[in-house]
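Here is a short briefing on one protein model. Keep the structure open as you read, and find each residue as it comes up.

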Amino acid sequence: MSTASATATLPAESIAAYRRDGFVHVPDVLDEAGVANARAAAVELSASMESLRYKGEPFTQLVNAWQHDERIRAVTLDPRIAELAEALAGMPLRLWHDQILIKQPQRSTATEFHLDAPYWPHTGARHWLTAWIALVDVPVERGCMTFLPGSHLGDDFVSVDLENATALFDAVPELRWRPRVTVPLRAGDLTFHHGRTAHAATPNLTDQPRVAHAVIYMDAAARYSGAPHVVTDPLGLETGQPFDHELFPRVLEH
Ligand code: SIN
Ligand code: NI
């Protein structure tokens with residue numbers, strides 16, 4: 001089953017914008033049926049999925065949901081999204097993991113500014129990027145993403161608490177003064193952001209849940225660093241080994 005309506009091509013300006021800014025908005029990637037299927041699956045899983053589930057603030061997080069539902073698997077392994085990701089990264093990628101991210105209605109908790117890649121047990125990765133897919137309309141007041149353009153080009157690589165509004169800026173004061181770009185999305189749109197791009201999400205002040213699906217890719221040549229992480233802890237990987245494991249497929253085989 002294919003869920004994407006966009007062709008897997010990006011205008012050259014989008015690739016240039018991603019490389020300059022560390023994020024890019026790609027409209028209309030999932031069609032209405034694809035969005036409806038994935039949203040229904042996400043909501044069902046949030047009630048039933050026991051493993052790798054976090055239900056607190058700033059979001060309900062279901063990790064590796066593609067292992068639990070065919071409808072989510074169709075999105076996570078959608079080759080057209082992976083093709084877009086490889087075009088942006090400019091290198092072969094593999095799946096790192098996916099996450100359903102639900103901000104419950106009427107919660108004032110933002111996802112505070114952070115970088116993603118410092119949380120991950122990777123060594124030698126030249127690139128990571130996340131496709132953050134809106135499964136409902138996500139205007140600013142429902143919890144959309146905000147990015148600091150160009151922040152992925154800096155040397156700072158800090159892991160901060162994403163519930164602490166000042167932690168990233170205390171660690172990297174220069175970022176406090178950067179312009180911010182907030183990107184509301186229609187259901188079926190996505191943004192890609194680089195694993196080093198500083199980003200945040202607004203609170204969900206509406207009466208509807210904010211339902212998003214994040215598909216995270218890494219350099220296919222990355223190796224396991226041995227650092228603790230919920231995805232890799234149970235797998236018994238050897239430090240320094242490549243991520244040759246069924247949980248980390250090359251979505252596109254060349
Ligand atoms: C969110 O969905 O609230 C944040 C996602 C992210 O940090 O990548
Ligand atoms: Ni993040």
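**A buried leucine and its surroundings**

Leaving aside neighbours within four places in sequence, Leu175 is in contact with Leu148, Ser151, Leu168, Phe169 and Ala198. This is a predicted model. The points below start with Leu175 and then move to other parts of the chain.

**Leu175**

- Leu175 sits in the loop between helix 5 (167-171) and strand 9 (181-183).
- Is Leu175 buried or exposed? Its relative accessible area is 6%, under the 20% cut-off, so Leu175 is buried.
- Leu175 and Thr9 are 166 residues apart in sequence. In space, their C-alpha atoms are 32 Å apart.

**Ala41**

- Ala41 belongs to helix 2, which covers residues 32-48.
- The relative accessible area of Ala41 is 0%, so this residue is buried.
- Which residues does Ala41 touch, not counting those up to four places away in sequence? They are Asp69, Arg71 and Ile72.
- From Ala41 to Asp116 there are 75 residues in sequence and 25 Å in space, C-alpha to C-alpha.

**The nickel site**

- Which residues coordinate the nickel ion (ligand 2)? They are His114 (NE2), Asp116 (OD) and His199 (NE2), at 2.1 Å.
- The spacing of these donor residues in sequence is H-x1-D-x82-H.
- Asp116 and His199 link distant parts of the chain, 83 residues apart. Asp116 is in the loop between strand 5 (111-114) and strand 6 (122-123). His199 is in strand 11 (residues 199-201).
- Asp116 and His199 are both buried.

**Two residues with positive phi**

- Most residues other than glycine have a negative phi.
- Asp28 has a positive phi, near 60 degrees, and is not a glycine. Look for Asp28 in the loop between strand 1 (23-26) and helix 2.
- Asp28 has 48% relative accessibility, so it counts as partly exposed.
- Gln106 also has a positive phi, near 55 degrees, and is a residue other than glycine. Gln106 lies in the loop between strand 4 (93-103) and strand 5.
- Gln106 counts as partly exposed, because its relative accessibility is 48%.

**The whole chain**

- How many helices and strands does the protein chain have? There are 5 helices and 13 strands.
- The radius of gyration is 17 Å, close to the 18 Å that the globule rule gives for 254 residues, so the protein chain is as compact as a globular protein of that length.
- Along the principal axes, the C-alpha atoms fill a box of roughly 45 × 45 × 40 Å.
- Of the 254 residues, 55% count as buried.

**Surface and charge**

- The protein chain exposes about 10,700 Å². Carbon and sulfur atoms supply 52% of that area.
- The protein chain carries 21 positive and 32 negative charges.

Technical notes:
Residues are numbered from 1 along each chain as its sequence is written. Chains are lettered from A and ligands numbered from 1 in the order in which they are written. This is a predicted model: local features need pLDDT of at least 70, side-chain atom pairs count only at pLDDT 80 or more; totals for chains, interfaces and linings use all residues. Side-chain values use heavy atoms; hydrogens and water are left out. Helices (H or I, at least four residues) and strands (E, at least two) are DSSP runs, numbered from the N terminus. The radius of gyration is taken over C-alpha atoms; the globule rule is 2.2 Å times the number of residues to the power 0.38. Buried means under 20% relative accessible area, exposed over 50%, partly exposed in between (1.4 Å probe, protein chains only). Accessible areas come from the Shrake-Rupley method with a 1.4 Å probe; for residues, only the protein chains shown count as cover. Lys and Arg count as positive and Asp and Glu as negative; His and the chain ends are not counted. The place of a charge is taken as NZ of Lys, CZ of Arg, CG of Asp or CD of Glu. Donors are N, O and S atoms within 2.8 Å of the metal (3.2 Å for Na, K and Ca); water is not among the atoms, so sites may look incomplete. Contact means heavy atoms within 4.5 Å.
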